[in-house]
Amino acid sequence: MSELIHKLEDILKRYISEDEALSLDLSDDDCLYRKLYFDKLPPEAAKEALLLYPNGEVLYRKYLAIINGFKDNLKISDSDLCGLVREHLQVVVSIMDEDEDEDAIDFIQSITEVSAADSDEHFKPGQNLLHKFVYGAVGEFLLNELPDDDSLWLLYDWSLEKTKWITVSAYFLEGFLDDTLLSKPDFFKPGFDLWASNNSNRYWSEGNTFKTNNVKCKSES
C-alpha cells in the first residue's frame, strides 16, 4: 500500500464512526469508501486530501469543476455543441485503437460536417454507434494507461461513481498519464464540457451508420 493511501485514510477517519475507521482499507477494491471518499469530507478536508497528490493544485481545480458541474447547469446552443463535439471527436480519435476501432477512426477522420439536427434522436443504451465507440475508447485508454497505484484508482472510483461518465474521469486524471500520449494540457476537457452542459451523448453519426460523413447534434433543451 502506498504512503499516500495511508494519509488519505487518516483524513477520512476523522469523519466516519470509530467502528468504520477500525476496518477501513482504501486499498481494497471492494471498499465502499473508494467510491464515496470525497462525499464524506467537508470542503476543507477534500482540499487537504487532494493537495497530497503531486499535482494537487491542478487536481483540486478539476475537482471543483466537477462539483460545480452539478450546480451550474450550463446551457449551450446547438452551434456551440457542434463545435464542442468536433473537438471531442478529434481528441478521442487520436487515442483510439487502430485494430479495434478502425471503422470509427475512418469515419471520424472523414467527417465533412457536424451540424444541428432538426429534432432529438432517441437511442436505447448501446445503440448510438458513434458514441459507443468514442466512449469505449476513452475508457479503454484510461484503464490501460493509468498507473497502478491505489491512490489513483480511488480518484477513478470516486469520479466515475459521482458523475457516471468515464469522460469526466479521464479529464480529472489526465495529469497522471504519460504526457507523451497527450497533445496538450486539459486534453480531455471537451468531453468534460459536454458532460457539464448535459450533452455527453447528444451527438450521433447521421443515420446511425458509418457510411455517411456527417455528424448530428442536438443540445439539451
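This report describes the fold, the salt bridges, a charged surface patch and some individual loop residues of a predicted protein model.

## Basis of the model

Because the model is predicted, local features need pLDDT of at least 70 and side-chain atom pairs count only at pLDDT 80 or more, whereas totals for chains, interfaces and linings use all residues. Residues are numbered from 1 along each chain as its sequence is written, and side-chain values use heavy atoms, with hydrogens and water left out.

## Overall fold

The protein chain has 11 helices and three strands, where helices (H or I, at least four residues) and strands (E, at least two) are DSSP runs numbered from the N terminus. Read from the N terminus, the order of these elements is α-α-α-α-α-α-α-β-α-α-α-α-β-β. The radius of gyration, taken over C-alpha atoms, is 19 Å for the protein chain, close to the 17 Å that the globule rule gives for 221 residues, so the chain is as compact as a globular protein of that length; the rule itself is 2.2 Å times the number of residues to the power 0.38.

Along the principal axes, the C-alpha atoms of the protein chain fill a box of roughly 60 × 35 × 30 Å. Of the 221 residues, 46% count as buried, a class defined as under 20% relative accessible area, with exposed meaning over 50% and partly exposed in between (1.4 Å probe, protein chains only). The accessible areas come from the Shrake-Rupley method with a 1.4 Å probe, and for residues only the protein chains shown count as cover.

## Salt bridges

Side chains of opposite charge can pair when their charged atoms come close. With a salt bridge taken as a side-chain nitrogen of Lys or Arg within 4 Å of a carboxyl oxygen of Asp or Glu, the count comes to 13 salt bridges. One of them joins the side chains of aspartate 186 and arginine 61, with an N to O distance of 3.7 Å. This pair links distant parts of the chain, 125 residues apart, since aspartate 186 sits in the loop between helix H10 (166-173) and helix H11 (189-196) and arginine 61 in helix H5 (residues 56-72). Aspartate 186 counts as partly exposed because its relative accessibility is 25%, and arginine 61 is placed in that class because its value is 40%.

Glutamate 174 forms a salt bridge with lysine 62, the closest N and O atoms being 2.7 Å apart. Glutamate 174 lies in the loop between H10 and H11 and lysine 62 in helix H5, so this pair ties together parts that are 112 residues apart in sequence. Both glutamate 174 and lysine 62 are buried. Arg61, Lys62, Glu174 and Asp186 are linked in a network of salt bridges. A further salt bridge, at 3.3 Å from N to O, is formed by the side chains of lysine 218 and aspartate 78; here lysine 218 belongs to the segment after strand E3 (214-217) and aspartate 78 to helix H6 (residues 78-93), 140 residues apart.

## A patch of negative charge

On the surface, Asp97, Glu98, Asp99, Glu100, Glu102, Asp103, Asp106 and Glu140 gather in a patch of negative charge. Patches are made of residues with over 30% relative accessible area and no salt bridge, like charges being joined within 9 Å; Lys and Arg count as positive and Asp and Glu as negative, while His and the chain ends are not counted. The place of a charge is taken as NZ of Lys, CZ of Arg, CG of Asp or CD of Glu.

Helix H7 (residues 102-109) supplies the largest share of the negative patch, three residues. Aspartate 103 lies in helix H7 and is exposed, with a relative accessible area of 53%.

Aspartate 120, in the loop between strand E1 (113-116) and helix H8 (129-145), is partly exposed at 33% relative accessibility. Aspartate 120 and aspartate 178 are 58 residues apart in sequence and 38 Å apart in space, C-alpha to C-alpha. Asparagine 201 lies in the loop between H11 and strand E2 (203-205) and is partly exposed, with a relative accessible area of 39%; its C-alpha atom is separated by 9.8 Å from that of glycine 191, 10 residues apart along the chain.

Terms used: Patches are made of residues with over 30% relative accessible area and no salt bridge: like charges are joined within 9 Å, nonpolar side chains (Val, Leu, Ile, Met, Phe, Trp, Tyr) within 5 Å.
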